[in-house]
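Visitor: I'd like to learn how to read this fold, from an annotated span to helix packing. Can you walk me through it?

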Amino acid sequence: MPEGAELAETLTLIVPCYNEQPILLQSAHVLEKQLQALIKAGLVAQQSKILFVDDGSTDQTWAVIADLAARSSSFSGVKLSRNVGHQNALLAGLMAVQVGACITIDADLQDPVDVMNDMVAHYRGGCQVVYGIRQDRTSDTFFKRTTARFFYRFMTIMGVESIENHADYRLLGPKARKAVLSFTEENLYLRGIVPLVGFQTASVYYTRAPRVGGKSKYTLLRMVALALRGVTSFSVVPLRMIALLGVSVFLLGLLSMVWSVVDKLFFQPAVGWASLNAVICLIGGLQMLALGIVGEYIGCIYTEVKRRPRFFVEQTL
Ligand code: UDP
Ligand code: MG
C-alpha cells in the first residue's frame, strides 16, 4: 500500500436494490472494480465493502446477493422483510454501517462510479458530506427529465431547500452519518435531511448515464409521493398558501358584497343562477382543496406519532 495508507478509512458502498436481478451482477462487477481501485490507491481501507440492501424484491435479487457474498468478502447484504421504498432502504443501509464513510449509489449505475474518486478525495480533505450532482441528464427519457425538473421546481416553490439534480448519490462521513441517523422521522426524505446536518460539504458533478438494464422503479405516482413527503416534512408553505388564499377570497367577497348593494340600489340586478352556482362551486372546491392540504399534514402527524418501525431486517450476510 502506498504512503498514507494508515490514513485510509473503511468505505461502505450502500446499494439499495428492488427487483434489480437483471443488472445486479454487472453492477456488482463494476462497483467491485471501483472499490478495488480505491483500495489499491490506498485511499480507503482494505476492509471496505459493498453492501446491498434488498428492499423486499420479488425476483431473484437476494439469491444473486447471497451468491456474491459467498464468493467474495467484498460483498455483504441486508434483506428487508418487505418493500419499504428507496428512502427507507437507504436508511437500513446507513444503519448497518459500523465504521468509516459510506457512499449511497443506485444499483442501476446511472450515476458513474468513477465520481467516487473525487468524493473520497473530498472526504480525505475533511468533508463529511459530498453530493453527487447530475449536470447533464440528456440520457434520461424526456418524461424523466421533465418530471424531475418539475419535481425540483415544485420543491423550491414549496420552500423546501434541496440541492437541484442531486438525488441520493452521496458520500457521508461517520459524523454526518450519525447526524443523519439521529433524525428519527417516519416520513423520511434524505435529500432534505442531509443539508440540515451541516459539516464541511462539497459537490462533484457528472453526466447521468442511461440505466444498464431493467426498468425505473420511480413511477410518476412514486415521484408524486416523494414530492409530497418532501414538502410535508420540510415546509409549511402550503399551509401559508391556504391562509393567503383565504384572505384573497375574503377580499374578493367584500368587493362582491359592495357591488351587490350598489347593484340593488341603483341598477336593476339580474338574478343569475349561473353566477351563483359558479361561485358556490368555486368556493366549495377551494375549501375542499384547503382541507385536503391540511389533511395531508394531519396524516403525516398521524404516522409520525405512531412511531412504527420503519423496516425489519430479515437476513444479513
Ligand atoms: N429502489 C429501492 N426500493 C424501491 C424502489 C427503488 O430500493 O422501492 C432502488 C432501486 O433498486 C435503485 C434505486 O432505488 O437502486 C433507484 O431506483 P430507480 O433507478 O428505479 O430510480 P430512477 O433512477 O429511475 O429515479
Ligand atoms: Mg435509476
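Guide: Take residues 13-153: their end C-alpha atoms lie 30 Å apart, and the span is 45% helix and 21% strand. Helices here are DSSP runs of H or I with at least four residues, strands are runs of E with at least two, and both are numbered from the N terminus. This is a predicted model, where local features need pLDDT of at least 70, side-chain atom pairs count only at pLDDT 80 or more, and totals for chains, interfaces and linings use all residues. Residues are numbered from 1 along each chain as its sequence is written, while chains are lettered from A and ligands numbered from 1 in the order in which they are written.

Visitor: What feature does UniProt place at residues 13-153?

Guide: UniProt, in an unreviewed entry, gives "domain: Glycosyltransferase 2-like" for residues 13-153. Such positions use the numbering here, names are shortened, and annotations may be inferred rather than shown by experiment.

Visitor: And how is the protein chain divided into domains?

Guide: Bounds come from an automatic or database domain assignment. Domain 1 covers 5-235 + 310-316, and domain 2 covers 237-306. Their C-alpha centres are 44 Å apart. Domain 1 puts 10 residues into the contact and domain 2 puts in 7 (contact means C-beta atoms, placed from the backbone, within 7 Å). On the domain 1 side that touches domain 2, you get 3 nonpolar, 5 polar and 2 charged residues. For those classes, Ala, Val, Leu, Ile, Met, Phe, Trp, Tyr, Cys and Pro count as nonpolar, Asp, Glu, Lys and Arg as charged, and the others, Gly among them, as polar.

Visitor: At what angle do helix H1 and helix H2 cross?

Guide: Axes are lines fitted to C-alpha atoms, for helices over the stretch in contact, with angles from 0 to 180 degrees between N-to-C directions. H1 (residues 21-40) and H2 (residues 61-71) cross at roughly 20°, their axes coming within 9 Å. H1 and H2 are therefore roughly parallel (under 35 degrees; over 145 is roughly antiparallel, 65 to 115 roughly perpendicular, the rest oblique). Gln-21, Leu-24, Leu-25 and Ala-28 of H1 meet Thr-61, Val-64 and Leu-68 of H2. That contact has 5 nonpolar, 2 polar and no charged residues.

Visitor: Which residues make the contact between H6 and H7?

Guide: Geometry before residues. H6 (residues 174-181) packs on H7 (residues 190-197) at about 120°, with axes 9 Å apart, which means H6 is oblique to H7. H6 contributes Ala-176, Ala-179 and Val-180, and H7 contributes Ile-193, Val-194 and Val-197. By class, this contact has 6 nonpolar, no polar and no charged residues.

Notes: Contact = placed C-beta atoms within 7 Å.
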